[in-house]
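Subject: Structure handover

Hello,

Here is the structure we talked about handing over.

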Amino acid sequence: MLNDSDFAPLTRSQITQALIGLGVGEGETLIVHVRLSALGWVVGGIDTVVRSLRDAVGSGGTLLAFCGWDDSPYHVSFWPPHWQTAYEEIPAFDPKVSSARRDFGRFPERLRTWPGALRSTHPEVSFTAVGRHAANLVVGTDDDNPWGVGGPLGRLVDLGGRVLLLGAPLNTLTLCHHAEAVADVAGKRYHSYRMPVSTNAGTVWRDYRTLDTFYGALPYWERPELTIDSAVGNLALQAVQAGAGREGNLGAATTWLFDARASVQAVVAWIERHF
């Protein structure tokens, strides 16, 4: 870098202007997926990214992120008995303190801990939001069907929101799971599991059943003629091909800005044609 006379780290003002150039506007409601490493050297790191996003959407805007729950016991029932026993001591899920999944990158955890952030109560399908519509997105959501119309993504669609991928690949377009949930097809796959949640009465283990977004909500890989590598990546391409997404650049990173409603319509149409 020192040998490149033109190289300079990305600054807050540069990122903000780039976001505005991509089409991010005042008052936007955005779910954001960030791959910080793809942006290159950012002065101030992930804090700067959050501040730049907030600058771009303004005081009337809202940012949403998919958190999940770090080290959640989603898979425990498949593990050896002594592993399951160890996980009986996992700290209960508490929306206020439980960490976001590390493999989702640094952005969800940073947004979760931002002043004024709110978080939904489902331990596995957990979202956090900051801004004007934060409560509308994550408070009182449907924990029986968190990927559905009463979940955060369904509410995002209702609010006319959009999806921003900052250096994150198309296979991170979590909105596709909402499309899977609302598509009118048979054969959807669900996963049942138990998780400890924090209540006023102490820790309670609760049973959950949600669309199986990890192992595949539909039998994608049993349909070789579809030649699917990544289920979400393939579904995201349907939104791109339908014109619901706009590609751009921020520094060295590829960006995408998707209209949530149009993307869901395109993905649902593809799912209903093929399943």
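Predicted model: local features only at pLDDT ≥ 70, side-chain atom pairs only at ≥ 80, totals over all residues.

Sheet

The sheet is open and has 7 strands, with mixed pairing, in the order β3-β4-β2-β1-β5-β9-β8. Its edges are β3 (118-119) and β8 (245-250), each of which pairs on one side only. Within the sheet, β2 (residues 62-66) and β4 (residues 127-131) are antiparallel to each other and share 5 bridges. Threonine 62 faces glycine 131 of β4.

Helix α3

Helix α3 (residues 45-57) lies against the sheet and touches β1 (29-34), β2, β4 and β5 (162-166). The direction of α3 makes about 140° with that of β2. With 13 residues, α3 spans 19 Å from its first C-alpha to its last, close to the 18 Å expected at 1.5 Å a residue.

Which residues of α3 are buried? They are Gly45, Ile46, Thr48, Val49, Val50, Ser52, Leu53, Ala56 and Val57. As background, an α-helix has 3.6 residues a turn, so residues three or four places apart point the same way. The partners of the buried α3 residues come from both helices and strands: α1 (12-22), α2 (36-39) and α5 (106-112), together with β1, β2 and β5. Just after α3 comes glycine 58, with a positive phi of about 75°.

Cavity

How many cavities of 30 Å³ or more does the structure hold? There is 1. The volume of the largest cavity is about 30 Å³. Its lining consists of Leu22, Leu164, Arg246, Glu247, Gly248, Thr255, Trp256 and Leu257. The elements that contribute two or more residues to this lining are β8 and β9 (253-259).

Leucine 175

Leucine 175 belongs to helix α8 (residues 175-182). Is leucine 175 buried or exposed? Leucine 175 counts as buried because its relative accessibility is 3%, and buried means under 20%. Setting aside neighbours within four places in sequence, the contacts of leucine 175 are Leu153, Val157, Val163, Ala260, Ser263 and Val264. Leucine 156 is 19 residues away from leucine 175 along the chain, and their C-alpha atoms are 9.4 Å apart.

Regards

Definitions and conventions. Residues numbered from 1 in each chain as written. Heavy atoms only, no water. Pairing = 2+ DSSP bridges. Helix = DSSP H or I, 4+ residues; strand = E, 2+ residues; numbered from the N terminus. Contact = heavy atoms within 4.5 Å. Axes fitted to C-alpha atoms, helices over the stretch in contact; angles between N-to-C directions. Expected span 1.5 Å × (residues − 1). Buried < 20%, exposed > 50% of the residue type's maximum accessible area, 1.4 Å probe, protein only. 1 Å grid on protein atoms, 1.4 Å probe; cavity = no way out; pocket = protein on both sides within 12 Å on 5 of 7 lines; lining within 4 Å. Points joined across faces, edges and corners; volume = space filled by probe spheres on them.
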